[in-house]
Amino acid sequence: MFLIICIIVARALKDFTHCYPSSIMDPSELREKIKRFRILIIGRANAGKTTILQRVCKTQENPEIYNSAGEKIDPAVLMTSRERGEHDIENEMVFRNNPGFIFHDSRGFEAGGQSEFDKVKAFIARRSKERSLSDRIHIIWYCIPMDEDSRSFTEAEVKFFSQCDTGSIPVIVLFTKFDALYDDEFAELISKGVSRKDAEALAPHYAKEAFTNGPQLKLLYNRKGNQRPPRCHICLPDMDKDSADCGPLIERTAETLNDDTLKQLFVSTQRTTLELCMRCAVERSLALHLDSTQAISSRIFGKSNSQILEDLGKWFPRTTIVRLIIFASMLT
(Lines give C-alpha, C1' and ligand atoms only; values in the text may rest on other atoms or scores of the structure.)
Protein backbone atom coordinates (compact mmCIF):
# COMPACT_ATOMS: atom_id res chain seq x y z
CA MET A 1 0.00 0.00 0.00
CA PHE A 2 2.72 2.47 1.02
CA LEU A 3 4.72 1.82 -2.15
CA ILE A 4 1.61 2.34 -4.27
CA ILE A 5 1.01 5.68 -2.58
CA CYS A 6 4.62 6.69 -3.19
CA ILE A 7 4.26 5.94 -6.90
CA ILE A 8 1.11 8.03 -7.09
CA VAL A 9 2.89 10.82 -5.21
CA ALA A 10 5.72 10.86 -7.70
CA ARG A 11 3.36 11.03 -10.65
CA ALA A 12 1.14 13.66 -9.09
CA LEU A 13 4.03 15.95 -8.17
CA LYS A 14 5.64 16.05 -11.59
CA ASP A 15 3.65 19.11 -12.56
CA PHE A 16 2.88 20.25 -9.03
CA THR A 17 3.51 23.98 -8.60
CA HIS A 18 1.34 25.05 -5.66
CA CYS A 19 0.05 23.80 -2.31
CA TYR A 20 -3.49 23.52 -1.01
CA PRO A 21 -4.42 25.26 2.24
CA SER A 22 -4.33 23.11 5.35
CA SER A 23 -7.88 22.15 6.23
CA ILE A 24 -7.48 18.46 7.01
CA MET A 25 -9.25 17.37 10.17
CA ASP A 26 -8.52 14.46 12.44
CA PRO A 27 -11.02 11.64 11.69
CA SER A 28 -12.37 11.54 15.25
CA GLU A 29 -12.75 15.32 15.29
CA LEU A 30 -14.41 15.23 11.88
CA ARG A 31 -16.91 12.57 12.96
CA GLU A 32 -17.65 14.42 16.17
CA LYS A 33 -18.34 17.63 14.28
CA ILE A 34 -20.36 16.29 11.33
CA LYS A 35 -21.03 12.66 12.35
CA ARG A 36 -22.29 11.37 8.98
CA PHE A 37 -22.56 12.40 5.34
CA ARG A 38 -26.15 13.26 4.44
CA ILE A 39 -27.60 12.76 0.93
CA LEU A 40 -31.05 13.57 -0.44
CA ILE A 41 -32.02 11.25 -3.29
CA ILE A 42 -34.87 12.34 -5.55
CA GLY A 43 -36.56 10.53 -8.42
CA ARG A 44 -39.54 8.71 -9.79
CA ALA A 45 -40.72 5.34 -8.61
CA ASN A 46 -38.67 2.56 -10.24
CA ALA A 47 -35.82 4.92 -11.07
CA GLY A 48 -33.41 2.53 -9.38
CA LYS A 49 -32.77 4.71 -6.33
CA THR A 50 -32.60 1.93 -3.74
CA THR A 51 -30.37 -0.16 -6.00
CA ILE A 52 -27.91 2.71 -6.35
CA LEU A 53 -27.79 3.28 -2.61
CA GLN A 54 -27.17 -0.43 -2.07
CA ARG A 55 -24.30 -0.30 -4.55
CA VAL A 56 -22.82 2.76 -2.85
CA CYS A 57 -22.98 1.03 0.54
CA LYS A 58 -21.86 -2.31 -0.94
CA THR A 59 -24.82 -4.31 0.35
CA GLN A 60 -27.92 -6.10 -0.87
CA GLU A 61 -29.85 -5.50 2.34
CA ASN A 62 -32.62 -2.95 2.68
CA PRO A 63 -31.90 0.13 4.78
CA GLU A 64 -33.08 0.67 8.33
CA ILE A 65 -35.41 3.66 8.68
CA TYR A 66 -35.30 6.16 11.55
CA ASN A 67 -37.60 9.08 12.27
CA SER A 68 -36.37 12.61 12.97
CA ALA A 69 -36.08 11.76 16.69
CA GLY A 70 -33.65 8.95 15.90
CA GLU A 71 -36.15 6.20 16.69
CA LYS A 72 -36.13 3.12 14.46
CA ILE A 73 -39.37 2.63 12.53
CA ASP A 74 -40.90 -0.83 12.32
CA PRO A 75 -40.92 -1.99 8.65
CA ALA A 76 -44.56 -3.14 8.99
CA VAL A 77 -45.61 0.32 10.15
CA LEU A 78 -43.62 1.87 7.34
CA MET A 79 -45.24 -0.38 4.75
CA THR A 80 -48.71 0.51 6.01
CA SER A 81 -47.90 4.20 5.71
CA ARG A 82 -46.64 3.74 2.16
CA GLU A 83 -49.79 1.88 1.19
CA ARG A 84 -51.77 4.91 2.39
CA GLY A 85 -49.55 7.15 0.29
CA GLU A 86 -47.84 8.66 3.33
CA HIS A 87 -44.13 9.42 3.42
CA ASP A 88 -41.96 11.62 5.60
CA ILE A 89 -38.90 13.05 3.87
CA GLU A 90 -37.40 13.71 7.31
CA ASN A 91 -37.01 9.96 7.83
CA GLU A 92 -33.41 8.76 7.64
CA MET A 93 -32.32 5.66 5.72
CA VAL A 94 -29.18 3.97 7.02
CA PHE A 95 -27.50 0.82 5.73
CA ARG A 96 -25.85 -1.28 8.44
CA ASN A 97 -22.96 -2.05 6.08
CA ASN A 98 -21.98 1.63 5.99
CA PRO A 99 -23.72 3.72 8.68
CA GLY A 100 -21.52 6.68 7.76
CA PHE A 101 -24.13 7.69 5.15
CA ILE A 102 -27.60 9.04 5.90
CA PHE A 103 -30.06 9.10 3.01
CA HIS A 104 -33.33 10.99 2.69
CA ASP A 105 -35.81 9.89 0.02
CA SER A 106 -38.32 12.22 -1.67
CA ARG A 107 -40.78 9.35 -2.27
CA GLY A 108 -44.01 10.81 -3.69
CA PHE A 109 -42.38 13.85 -5.27
CA GLU A 110 -42.44 12.21 -8.70
CA ALA A 111 -46.24 12.48 -8.69
CA GLY A 112 -45.81 16.11 -9.66
CA GLY A 113 -48.41 17.45 -7.22
CA GLN A 114 -47.87 20.93 -5.84
CA SER A 115 -48.12 19.82 -2.21
CA GLU A 116 -45.39 17.18 -2.65
CA PHE A 117 -43.19 19.68 -4.45
CA ASP A 118 -43.70 22.28 -1.71
CA LYS A 119 -42.67 19.74 0.96
CA VAL A 120 -39.44 18.88 -0.85
CA LYS A 121 -38.71 22.53 -1.54
CA ALA A 122 -39.26 23.46 2.11
CA PHE A 123 -37.13 20.53 3.29
CA ILE A 124 -34.22 21.59 1.07
CA ALA A 125 -34.52 25.25 2.08
CA ARG A 126 -34.53 24.37 5.78
CA ARG A 127 -31.75 21.79 5.58
CA SER A 128 -29.51 24.10 3.56
CA LYS A 129 -29.58 26.66 6.38
CA GLU A 130 -29.19 24.44 9.44
CA ARG A 131 -26.68 25.88 11.91
CA SER A 132 -25.09 22.49 12.43
CA LEU A 133 -23.21 21.18 9.41
CA SER A 134 -24.16 17.69 10.56
CA ASP A 135 -27.87 18.42 10.04
CA ARG A 136 -27.53 19.92 6.56
CA ILE A 137 -28.04 18.08 3.30
CA HIS A 138 -24.57 17.79 1.83
CA ILE A 139 -25.49 16.81 -1.73
CA ILE A 140 -28.57 15.95 -3.81
CA TRP A 141 -28.70 13.03 -6.24
CA TYR A 142 -31.58 13.45 -8.69
CA CYS A 143 -32.37 10.19 -10.51
CA ILE A 144 -33.90 10.24 -13.99
CA PRO A 145 -34.37 6.77 -15.58
CA MET A 146 -33.59 6.27 -19.24
CA ASP A 147 -35.60 3.13 -19.93
CA GLU A 148 -37.98 3.27 -22.87
CA ASP A 149 -41.07 4.62 -21.12
CA SER A 150 -39.33 7.36 -19.15
CA ARG A 151 -37.03 9.39 -21.37
CA SER A 152 -38.99 12.61 -21.42
CA PHE A 153 -38.72 14.88 -18.40
CA THR A 154 -41.75 14.79 -16.14
CA GLU A 155 -43.54 17.85 -14.81
CA ALA A 156 -41.91 17.27 -11.42
CA GLU A 157 -38.42 17.29 -12.93
CA VAL A 158 -39.02 20.42 -14.98
CA LYS A 159 -40.50 22.14 -11.93
CA PHE A 160 -37.56 21.16 -9.72
CA PHE A 161 -34.87 22.52 -12.02
CA SER A 162 -36.77 25.68 -12.85
CA GLN A 163 -38.12 26.59 -9.43
CA CYS A 164 -36.34 24.82 -6.57
CA ASP A 165 -33.55 26.85 -4.98
CA THR A 166 -31.06 24.40 -3.49
CA GLY A 167 -28.82 27.16 -2.18
CA SER A 168 -25.27 25.95 -1.66
CA ILE A 169 -26.25 22.26 -1.90
CA PRO A 170 -24.82 20.81 -5.12
CA VAL A 171 -27.12 18.75 -7.33
CA ILE A 172 -25.97 15.87 -9.51
CA VAL A 173 -28.36 14.30 -12.01
CA LEU A 174 -28.07 10.52 -12.23
CA PHE A 175 -29.35 9.16 -15.54
CA THR A 176 -30.16 5.67 -14.34
CA LYS A 177 -30.90 2.54 -16.39
CA PHE A 178 -28.70 4.06 -19.08
CA ASP A 179 -28.06 0.61 -20.56
CA ALA A 180 -31.58 0.81 -22.04
CA LEU A 181 -30.08 3.15 -24.64
CA TYR A 182 -27.51 0.47 -25.49
CA ASP A 183 -30.33 -1.82 -26.58
CA ASP A 184 -31.66 0.81 -29.01
CA GLU A 185 -28.25 1.35 -30.58
CA PHE A 186 -27.61 -2.39 -30.71
CA ALA A 187 -30.85 -2.94 -32.64
CA GLU A 188 -30.00 -0.08 -34.98
CA LEU A 189 -26.54 -1.49 -35.70
CA ILE A 190 -27.92 -4.98 -36.33
CA SER A 191 -30.42 -3.53 -38.80
CA LYS A 192 -27.48 -2.02 -40.69
CA GLY A 193 -25.79 -5.40 -41.06
CA VAL A 194 -23.26 -5.09 -38.23
CA SER A 195 -22.40 -8.42 -36.59
CA ARG A 196 -23.78 -9.09 -33.12
CA LYS A 197 -20.31 -9.13 -31.60
CA ASP A 198 -19.37 -5.76 -33.11
CA ALA A 199 -22.80 -4.30 -32.31
CA GLU A 200 -22.41 -5.22 -28.65
CA ALA A 201 -19.01 -3.54 -28.56
CA LEU A 202 -20.12 -0.40 -30.40
CA ALA A 203 -23.55 0.15 -28.82
CA PRO A 204 -22.35 1.84 -25.58
CA HIS A 205 -20.24 4.36 -27.53
CA TYR A 206 -23.03 5.18 -29.96
CA ALA A 207 -25.53 5.49 -27.11
CA LYS A 208 -23.34 7.97 -25.20
CA GLU A 209 -22.73 9.99 -28.36
CA ALA A 210 -26.44 10.15 -29.20
CA PHE A 211 -27.29 11.10 -25.62
CA THR A 212 -24.69 13.87 -25.54
CA ASN A 213 -26.32 15.46 -28.56
CA GLY A 214 -29.87 14.61 -27.51
CA PRO A 215 -32.70 16.71 -26.03
CA GLN A 216 -32.29 15.72 -22.36
CA LEU A 217 -29.01 17.56 -21.75
CA LYS A 218 -30.06 20.55 -23.82
CA LEU A 219 -33.17 20.94 -21.70
CA LEU A 220 -31.33 20.25 -18.45
CA TYR A 221 -28.67 22.92 -18.96
CA ASN A 222 -30.79 25.47 -20.86
CA ARG A 223 -30.85 28.49 -18.58
CA LYS A 224 -33.70 30.14 -20.45
CA GLY A 225 -36.25 27.57 -19.37
CA ASN A 226 -34.20 26.05 -16.59
CA GLN A 227 -32.88 28.68 -14.20
CA ARG A 228 -31.41 26.22 -11.71
CA PRO A 229 -29.46 23.58 -13.66
CA PRO A 230 -27.56 20.84 -11.78
CA ARG A 231 -23.87 21.10 -11.07
CA CYS A 232 -23.24 18.12 -13.34
CA HIS A 233 -24.66 14.76 -14.44
CA ILE A 234 -23.56 11.16 -14.76
CA CYS A 235 -24.85 8.18 -16.73
CA LEU A 236 -25.25 4.94 -14.79
CA PRO A 237 -25.76 1.70 -16.75
CA ASP A 238 -26.25 -1.82 -15.41
CA MET A 239 -26.68 -0.87 -11.75
CA ASP A 240 -28.91 -3.93 -11.29
CA LYS A 241 -26.05 -6.31 -12.06
CA ASP A 242 -23.81 -7.85 -9.41
CA SER A 243 -20.79 -6.46 -11.25
CA ALA A 244 -22.17 -2.91 -11.18
CA ASP A 245 -19.59 -0.18 -10.69
CA CYS A 246 -20.70 2.93 -8.84
CA GLY A 247 -17.12 4.24 -8.78
CA PRO A 248 -17.86 6.96 -11.37
CA LEU A 249 -20.70 8.27 -9.16
CA ILE A 250 -18.42 8.37 -6.13
CA GLU A 251 -15.69 10.13 -8.13
CA ARG A 252 -18.09 12.70 -9.56
CA THR A 253 -19.60 13.42 -6.17
CA ALA A 254 -16.19 14.01 -4.61
CA GLU A 255 -15.23 16.33 -7.48
CA THR A 256 -18.46 18.30 -7.03
CA LEU A 257 -17.92 19.02 -3.32
CA ASN A 258 -16.18 22.37 -2.95
CA ASP A 259 -15.95 22.28 0.83
CA ASP A 260 -12.77 20.45 1.87
CA THR A 261 -14.27 19.25 5.15
CA LEU A 262 -17.26 17.67 3.40
CA LYS A 263 -15.00 16.24 0.71
CA GLN A 264 -12.84 14.61 3.37
CA LEU A 265 -15.91 13.23 5.14
CA PHE A 266 -17.36 11.81 1.93
CA VAL A 267 -14.10 10.32 0.67
CA SER A 268 -13.30 8.68 4.00
CA THR A 269 -16.88 7.36 4.34
CA GLN A 270 -17.23 5.73 0.93
CA ARG A 271 -15.77 2.25 0.54
CA THR A 272 -16.07 1.88 -3.22
CA THR A 273 -12.77 3.19 -4.55
CA LEU A 274 -9.49 3.21 -2.67
CA GLU A 275 -7.90 5.03 -5.59
CA LEU A 276 -10.01 8.10 -4.77
CA CYS A 277 -8.71 8.04 -1.19
CA MET A 278 -5.16 7.88 -2.51
CA ARG A 279 -5.62 10.73 -4.96
CA CYS A 280 -7.23 13.03 -2.42
CA ALA A 281 -4.54 12.12 0.09
CA VAL A 282 -1.89 13.10 -2.44
CA GLU A 283 -3.53 16.34 -3.49
CA ARG A 284 -4.63 17.55 -0.07
CA SER A 285 -2.17 15.99 2.36
CA LEU A 286 1.22 15.36 0.81
CA ALA A 287 1.22 18.78 -0.84
CA LEU A 288 1.41 20.27 2.65
CA HIS A 289 4.54 18.31 3.51
CA LEU A 290 6.50 17.93 0.30
CA ASP A 291 8.67 20.66 -1.13
CA SER A 292 8.78 20.19 -4.90
CA THR A 293 12.45 21.20 -4.88
CA GLN A 294 13.37 18.29 -2.60
CA ALA A 295 13.79 14.63 -3.45
CA ILE A 296 10.46 12.89 -2.98
CA SER A 297 11.91 9.65 -1.63
CA SER A 298 14.12 11.37 0.97
CA ARG A 299 11.23 13.52 2.15
CA ILE A 300 8.80 10.61 2.46
CA PHE A 301 11.24 8.29 4.22
CA GLY A 302 12.73 11.06 6.35
CA LYS A 303 11.89 12.19 9.86
CA SER A 304 8.40 13.41 9.02
CA ASN A 305 7.00 10.23 7.49
CA SER A 306 4.82 9.57 10.57
CA GLN A 307 3.11 12.92 10.21
CA ILE A 308 2.70 12.42 6.46
CA LEU A 309 1.08 9.03 6.93
CA GLU A 310 -1.09 10.38 9.74
CA ASP A 311 -2.49 13.05 7.41
CA LEU A 312 -2.81 10.51 4.61
CA GLY A 313 -4.87 8.30 6.86
CA LYS A 314 -7.47 11.02 7.37
CA TRP A 315 -8.72 10.40 3.83
CA PHE A 316 -9.13 6.64 4.19
CA PRO A 317 -11.77 4.35 5.72
CA ARG A 318 -10.89 3.17 9.22
CA THR A 319 -9.65 -0.26 8.12
CA THR A 320 -7.11 1.36 5.81
CA ILE A 321 -6.10 3.90 8.46
CA VAL A 322 -5.02 1.02 10.67
CA ARG A 323 -2.73 -0.26 7.91
CA LEU A 324 -1.21 3.19 7.41
CA ILE A 325 -0.54 3.49 11.15
CA ILE A 326 1.25 0.14 11.05
CA PHE A 327 3.39 1.37 8.14
CA ALA A 328 4.19 4.55 10.07
CA SER A 329 5.30 2.58 13.14
CA MET A 330 7.52 0.37 11.00
CA LEU A 331 9.20 3.28 9.26
CA THR A 332 9.98 5.39 12.34
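The model is predicted. Its protein chain has 15 helices and seven strands. Of the 332 residues in the chain, 47% are buried. Among contacts with a separation of 6 or more, 73% join residues 24 or more positions apart.

**Aromatic pairs**

- The count of aromatic pairs comes to 11.
- One of them joins F37 and F101, whose ring centres lie 6.2 Å apart with planes at 90°, so this pair is edge-to-face. The cut-off for that class is a plane angle over 60 degrees.
- F37 belongs to strand β1 and F101 to strand β4, residues 98–105, so the pair ties together parts 64 residues apart in sequence.
- F37 has a relative accessible area of 0%, so it is buried. F101 is buried too, with a relative accessible area of 0%.
- F160 and F161 form an edge-to-face pair because their planes stand at 85°, with ring centres 5.0 Å apart. Both F160 and F161 are buried.
- Ring pairs also build a cluster that links F37, F95, F101, F103 and F266.

**A charge over a ring**

- K159 places its charged end over the ring of F117. The distance to the ring centre is 5.4 Å.

**Packing of α10 and α11**

- Helix α10 spans residues 247–256, and helix α11 spans residues 260–269.
- The two helices pack at an angle of about 165°, and their axes are 9 Å apart. That angle makes α10 roughly antiparallel to α11, because angles over 145 degrees fall in that class.
- The crossing of α10 past α11 is left-handed.
- On the α10 side, the residues that meet α11 are I250, T253, A254 and E255. On the α11 side, they are K263, F266 and V267.

**T256 in helix α10**

- T256 is found in helix α10. Its relative accessibility is 5%, so T256 counts as buried. The cut-off for buried is under 20%.
- Leaving out residues up to four places away in sequence, T256 touches I139, P170, I172, R231 and C232.
- R231, one of these partners, is 25 residues from T256 in sequence. The C-alpha to C-alpha distance between T256 and R231 is 7.3 Å.

- Which loop holds N46? N46 lies in the loop between β1 (37–43) and α3 (49–56).
- N46 is not a glycine, yet its phi is positive, near 65°. N46 has 65% relative accessibility, so it counts as exposed.
- K58 also has a positive phi without being a glycine, at about 55°. K58 sits in the loop between α3 and β2 (64–66).
- Is K58 buried or exposed? K58 is exposed, because its relative accessible area is 52% and the cut-off for exposed is over 50%.

Terms used: Residues are numbered from 1 along each chain as its sequence is written. This is a predicted model: local features need pLDDT of at least 70, side-chain atom pairs count only at pLDDT 80 or more; totals for chains, interfaces and linings use all residues. Side-chain values use heavy atoms; hydrogens and water are left out. Helices (H or I, at least four residues) and strands (E, at least two) are DSSP runs, numbered from the N terminus. Buried means under 20% relative accessible area, exposed over 50%, partly exposed in between (1.4 Å probe, protein chains only). Rings of Phe, Tyr and Trp (its six-membered ring) pair if their centres lie within 6.5 Å; planes under 30 degrees apart count as stacked, over 60 as edge-to-face and the rest as tilted. A charge sits over a ring if NZ of Lys or CZ of Arg is within 6 Å of the ring centre and within 35 degrees of the ring normal. Axes are lines fitted to C-alpha atoms, for helices over the stretch in contact, and angles run from 0 to 180 degrees between N-to-C directions. Angles under 35 degrees count as roughly parallel, over 145 as roughly antiparallel, 65 to 115 as roughly perpendicular and the rest as oblique. A crossing is left-handed if the near helix is turned anticlockwise from the far one by less than a right angle, and right-handed if clockwise. Contact means heavy atoms within 4.5 Å.
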